[in-house]
Structure formats: structure tokens, C-alpha cells
Amino acid sequence: ILDFETVRMLVAMQQAVDIKEPILRIIGPTGLGKTFTARGFSIFRGSEFLSNPVSQGTTVDDLTGSFQQNAQGRWFFNRDTSFKQRLENGGVVALSELNTLIDLNEKASLAWFLQQIAETPADKDGYRTIELQEVPVLPGGQPYVIRIHPKSLIIIDVNPSSYATRGTFPPVFEEETPVIKAESILGKDSQTQKDRLKKFARRFLKMDWKRGGVKLASGISDSD
């Protein structure tokens with residue numbers, strides 16, 4: 001169901017991609033459909049999707065890769081994570097409940113890693129190259145990196161400040177990342193809400209519909 005807040009979130013996601021912002025924070029209550037909307041956005045675009053609910057055991061290594069031993073007992077860096085794959089292929093990543101760990105459980109390293117993504121400038125082709133500073137490099141070796149596709153988007157699901165378990169992000173991270181505040185409007189049916197929904201729905205429907213990189217249908221034009 002495309003209610004007003006769902007359309008607002010979809011439009012904000014597309015606008016973030018259009019202005020080359022790699023991260024979008026969405027503040028809203030649990031059950032609003034933030035992650036569900038992010039999945040829908042990836043389907044509309046025909047891109048890969050990853051939903052990664054953050055828990056107390058989540059570390060930066062879970063996102064970027066870690067050192068592992070092969071069958072011969074030799075150590076190697078396994079960087080083939082779903083997070084990395086989605087970002088390098090123009091996909092959508094939804095990180096849920098991340099702010100419940102910041103400050104409260106001393107997991108600020110997750111936010112600082114995302115801060116590195118937010119503040120890294122894009123090259124002339126729109127790609128962002130993120131050096132994995134946490135990963136040691138052998139003498140003479142090249143640092144491990146993630147090359148973020150210009151169409152990729154990280155969506156961070158954030159609970160309102162009124163939630164008792166909500167932590168806080170580093171202020172510099174909040175300054176670097178765009179945010180949209182969404183609220184449930186179930187039951188509201190005023191003319192104002194209808195007009196706002198129409199405005200955002202038309203903006204959303206101007207997007208081309210794609211699946212697997214193939215355009216299935218063109219978005220509407222202003223004359224439609």
C-alpha cells in the first residue's frame with residue numbers, strides 16, 4: 001500500500017541517489033515499514049538488496065570481511081561479504097537498529113566506519129573508494145578497499161529519540177548524512193494528506209521501472 005509516508009521514503013531514497021549521497025537515515029517508529037520500503041525501492045530499481053539487522057555481536061568485520069584460515073591452515077582475508085557485494089554492484093543495503101548499539105553498547109566503530117563512507121568524495125565517475133583501515137596490509141601490499149557504486153545506497157533505520165533503548169550517533173555523522181523523519185498516518189484521511197500523497201506519488205512515479213537492469217516501463221511525464 002503506497003500511503004503518504006511510504007511514498008515520502010521512496011522519494012527520499014531516489015533523491016539521495018540522485019544527489020550522490022551514499023547514506024540515508026530514516027527516523028521512524030518500529031513497524032512503520034522502513035526496511036520493507038527499502039526492499040521495495042531495490043525491486044523497483046532492479047538492484048540487489050541486503051537487510052542486515054544489527055545486534056550486540058555485530059562488528060565492522062561482519063560488513064567488510066575478516067581474516068580466516070583455509071583448509072591448509074593458511075590465513076587469508078575473506079572480503080567477499082554480502083555488504084561489500086551490494087555496495088560495489090549498485091545495490092541497496094538496509095541496516096536496522098544500528099543506533100541501539102551506539103553509545104549504549106560501545107559499538108561506535110560501526111558509525112565511524114559509515115562516517116568514512118559519508119565523507120569520502122566521489123571520483124569523476126561517481127565511485128567512492130573506501131580504504132579498509134582496520135585490515136592490516138603486508139609490506140609492499142596494496143590496502144584492501146571497497147569501491148562503492150554511484151547507484152548504491154545504505155539506508156539506516158533509526159528509532160525516534162523517545163525510545164528508551166535508543167543510542168546516539170556521533171554528531172559529525174549526523175551532519176554528514178541526510179535524514180527523513182517518518183510517522184505513521186494510519187486513519188488520517190484529510191484533503192491535505194491526499195494532496196501531499198498526490199504530490200509525492202507523482203514524483204515517485206516519474207522513475208523508470210527496471211528489473212535486472214532492463215527498463216520495463218518509463219516513468220510518467222509532466223504531461224501525463
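Visitor: What makes the charged end of R147 count as sitting over the ring of Y127?

Guide: A charge sits over a ring if NZ of Lys or CZ of Arg is within 6 Å of the ring centre and within 35 degrees of the ring normal. The charged end of R147 is 3.9 Å from the centre of the Y127 ring and is listed as sitting over that ring. This is a predicted model, in which local features need pLDDT of at least 70 and side-chain atom pairs count only at pLDDT 80 or more, while totals for chains, interfaces and linings use all residues. Residues are numbered from 1 along each chain as its sequence is written, and side-chain values use heavy atoms, with hydrogens and water left out.

Visitor: Why is the pair of F83 and F113 called tilted?

Guide: The structure holds 1 aromatic pair. Rings of Phe, Tyr and Trp (its six-membered ring) pair if their centres lie within 6.5 Å; planes under 30 degrees apart count as stacked, over 60 as edge-to-face and the rest as tilted. The centres of the F83 and F113 rings are 6.3 Å apart and their planes meet at 50°, so the pair is tilted. It links distant parts of the chain, with F83 in helix α4 (residues 82-88) and F113 in helix α5 (residues 108-119), 30 residues apart. Helices (H or I, at least four residues) and strands (E, at least two) are DSSP runs, numbered from the N terminus.

Visitor: How do you know whether F83 is buried or exposed?

Guide: Buried means under 20% relative accessible area, exposed over 50%, partly exposed in between (1.4 Å probe, protein chains only). F83 has 2%, so F83 is buried. F113 has 1% and is therefore buried.

Visitor: What makes strand β5 largely enclosed?

Guide: In β5 (residues 92-96), 5 of the 5 residues are buried, so the rest of the structure largely encloses the strand. V92, A94 and S96 point one way, V93 and L95 the other.

Visitor: Which strands pair with β5?

Guide: Two strands pair if DSSP finds at least two bridges between them. Strand β2 (residues 49-53) pairs with β5 in the parallel sense over 5 bridges, and strand β8 (residues 153-158) pairs with β5 in the parallel sense over 5 bridges. N52 stands opposite L95, and V93 stands opposite I154.

Visitor: Why does T177 count as buried?

Guide: T177 has 5% relative accessibility, so it counts as buried. T177 lies in the loop between α6 (171-176) and β9 (179-181).
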